[in-house]
Amino acid sequence: MKVKVLCRNPDDYVRDTKKDIQKVHRNYDPSLHPFEAPREYVRALNATKLERVFAKPFLGSLDGHTDSVQCMAKHPMSLSTLLSGSCNGELKIWNLANRKCSKTLTAHTGFVRGICVDSKASYFLSVGDDQTIKQWSLPCTETEVEDAPINTIIGKSIFMSIDHHWKKPLFVTSGQQVDLWDINRAEPLKSFEWCTDSIHSVKFNPLEVSVFGSCTAERNIILYDIRANTPLKKVVMSMKTNTIAWNPMESFIFTAANEDYNLYTFDVRRLDQPVNVHMDHVSAVVDLDYSPTGREFASGSFDKTIRIFEINKGHSREVYHTKRMQHVTCIKWSLDNRYILSGSDEMNLRIWKAKASEKIGKLKKREESAFRYNEKLKEKYRHHPQIKRIARHRHVPKLIYKEAQTIRIQRQSLKRKLDNKRKHSKEGTVPIVSERKKHVVGIVE
């Protein structure tokens, strides 16, 4: 005789308190859930649609400059501090937490060409059209900054850019030549020359701290080492490079913003062709900055837009624009990887979210788990046509849309012309040149 007894433990189905969630028992046997994939697809589709619904990246603007914003610098220790310089010689120190200017300094006569902050955040340096380098104390509070600089160095020509060493009290300036300076000396330690034209941008490598790069008006990207007396290598591009940015996680990778609407990611170990070509802008790319993770970078362009690129992708994952924003002159990615800061011609600084649909503020545990679940679903079904179409669609101004269309037609026309020429020519006379090799003219060592 068999007796079946139902045994139920109250701990398995009774809540501890009234505020707890009801315990639900699920059997995860796949044979009992034949419609799991269709359900997940619908959830992924809804998550993708909701992501676009809640994509509101613009957070606010910082007003106060009376001329175009020319340059910006991040504070290495404080997330809420930002420095900016304008075309009328003014320097402003901003408090991003309350979105107010904490200090205004009349620094230079003419443009402020560059700002850089010491790695220990004890001072910052600025250069301008008045041929001077000025050293200022960096405050913790509003009252600690004096209106007069700590030190002033008068140069022989206009300085176009400045950057500080990541560890030592050294900095480099660029103009007619590249000079290496010690903070305690009034004369440069070294001078590097390799071209006759002006050098308009210079950047130190954050990992290989002795290496830095510069861009010249002669379409060159030049690499230097402060331990050597001469430059290391020179890459000649087909058009002028406006600036470069080093990857903060990979010491041998840097990205160049070019006048031909593209960005080029290079590996210093092989400079004959870029690792990747990033296309989407419809005008000259003016500035760029890497995220702290090194996986993405943001670029600002003369076409009045900001684009976010993944380091291994050729097209942007996001585009930001407003009706009032004019030509973007400078851009920075915050050190907490959550915000992007931009400066533009119409005298405003703007704060954007790095992820357009991200919720600002503290999330509950259930919200966090729901966001993680939705992210995994979107990643799993990202190649489905409808989800892919919704995820990649962006509204852009009509002018940019038409210009992108024109550029696409021009590229197709040129490709068709070369194909026809190759078809009716002797084999090998019209070689196939990859997109990565087209834009590099040569390397000089």
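Modeller: Two strands are said to pair if DSSP finds at least two bridges between them, and please keep in mind that this is a predicted model.

Colleague: What makes β22 and β23 a pair, then?

Modeller: Strand β22, residues 285-290, and β23 are joined in the antiparallel sense over 5 bridges, and since at least two are needed, they count as paired. Within this pairing Leu288 stands opposite Ser299 in β23, and in the hairpin, with 5 residues between the strands, Gly294 takes a positive phi near 80 degrees.

Colleague: Why is strand β23 called largely enclosed?

Modeller: Because 6 of the 6 residues of β23, residues 296-301, are buried, the strand is largely enclosed by the rest of the structure. Glu296, Ala298 and Gly300 point one way, while Phe297, Ser299 and Ser301 point the other way, and all are buried.

Colleague: How do you know that Cys87 is in no disulfide?

Modeller: A disulfide needs two cysteine sulfur atoms within 2.5 Å, and the count by this rule is 0 disulfides. For Cys87 the nearest cysteine sulfur, that of Cys71, is 8.6 Å away, and Cys87 is therefore in no disulfide.

Colleague: Why is Cys87 called buried?

Modeller: Buried means under 20% relative accessible area, and Cys87 has 11% relative accessibility, so the label applies. Cys215, at 0% relative accessibility, counts as buried too.

Definitions and conventions:
Residues numbered from 1 in each chain as written. Predicted model: local features only at pLDDT ≥ 70, side-chain atom pairs only at ≥ 80, totals over all residues. Heavy atoms only, no water. Buried < 20%, exposed > 50% of the residue type's maximum accessible area, 1.4 Å probe, protein only. Helix = DSSP H or I, 4+ residues; strand = E, 2+ residues; numbered from the N terminus.
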